Amino acid sequence: MSDSEDPLVAAVRDSEPDSASRRPIRVAALVGAIAGVLWCVAFFLPWIEIPEPERVRIRVALEPSIESLAHREPEHAERYRILMHEAVDAGGLSGLDLYHYARTALELNRTLIGSDPGEHVLERPWVVQRALRTAGFMLAALPILAGIVALHLLAHAFRLARSVVLSMLVVVGLTGGAAAVAWLRFAESLSTGITTGFGLHLALVASVSLACAGLFGVTSRTWWRVFLMATLTLGAIGFLASRYVASGSLP
């Protein structure tokens, strides 16, 4: 404050909040943070629900196979036994359980056929191995990315999000939505009584909310950057994943 400045004017100026604190809360940022938290919660809720008659059938069908596997691979057999008890006793599998299933099936597949396909890279067992690895990576990455986005928006008090954050909202939302729809279609195609659980439906709602928060949270200056980054990222993910699973090669 200069010597000629009025003390009252200086006091009023110093008491005014800065421009960052006066910025309004963005609805898109608030929706994105809530959706990110919901995605993380949905990951631990049932994605697949198994009715009582199917639980008995699953136990009868799997127990002999698990006991047979225990003589050769006791560690893998124990993991399958835990998953079977979760499905039979709890009546369903959460997103976390499905991640453990993908990891366990991948490790068993690698134990049985190895990890070097040689000239058999296009044969079904190797395609299944790569598909399990991709599924496990996706199931692990989605809740982590959703949590990171939610924490970032919370740390910035739900203010205007940058283009990179909005693009991440779109990518996580559309990728998570694709995973949720795939599981929904898979459950519908089964002839058994297995149905989709509340957690899977919540994950789908959270995914749509994340994508909408990113798409509608743009401004007149950032919309093209968000759309471009999201489109390029989704295209790269889809191309690399499909190429890796189908042929085992990456550019």
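Close-up 1. Tyr101 comes out as partly exposed at 42% relative accessible area, while Tyr80 is buried at 18%; the cut-offs are under 20% for buried, over 50% for exposed and partly exposed in between, with a 1.4 Å probe and protein chains only. This is a predicted model, so local features need pLDDT of at least 70 and side-chain atom pairs count only at pLDDT 80 or more, though totals for chains, interfaces and linings use all residues. Residue numbers start from 1 along each chain as its sequence is written, and side-chain values use heavy atoms, with hydrogens and water left out.

Rings of Phe, Tyr and Trp (its six-membered ring) pair if their centres lie within 6.5 Å, with planes under 30 degrees apart called stacked, over 60 edge-to-face and the rest tilted. That gives five aromatic pairs. With ring centres 6.4 Å apart and planes at 75 degrees, Tyr80 and Tyr101 make an edge-to-face pair. Tyr80 sits in helix H5 and Tyr101 in helix H6, 21 residues apart, so the pair ties together distant parts of the chain; helices are DSSP runs (H or I, at least four residues), numbered from the N terminus.

**Close-up 2. Trp223 and Phe227 in helix H10.** Here's another edge-to-face pair, at 6.0 Å centre to centre and 80 degrees between the planes. Trp223 and Phe227 are four residues apart in helix H10, so about one helical turn separates them. Trp223 is partly exposed at 43%, and Phe227 is also partly exposed, at 34%.

**Close-up 3. An aromatic cluster.** Trp39, Phe43, Phe44 and Trp47 group into one cluster.

**Close-up 4. The largest pocket.** Its volume is about 850 Å³. Among its 31 lining residues, Ile48, Leu93, Leu98, Tyr101 and Trp183 are the closest to the centre. A pocket here is an open set of points on a 1 Å grid over the protein atoms alone, where a 1.4 Å probe fits, with protein on both sides within 12 Å along at least five of seven lines; lining residues have an atom within 4 Å of a point. Volume is the space filled by probe spheres set on the points, which are joined across faces, edges and corners. By class, the lining has 28 nonpolar, two polar and one charged residues (nonpolar: Ala, Val, Leu, Ile, Met, Phe, Trp, Tyr, Cys and Pro; charged: Asp, Glu, Lys and Arg; polar: the others, Gly among them).

**Close-up 5. The second largest pocket.** This one holds about 590 Å³. Of its 23 lining residues, Phe137, Met138, Thr175, Ile237 and Ala241 are the closest to the centre. H7 gives the most to this lining, with eight residues.

Conventions
Helices (H or I, at least four residues) and strands (E, at least two) are DSSP runs, numbered from the N terminus.
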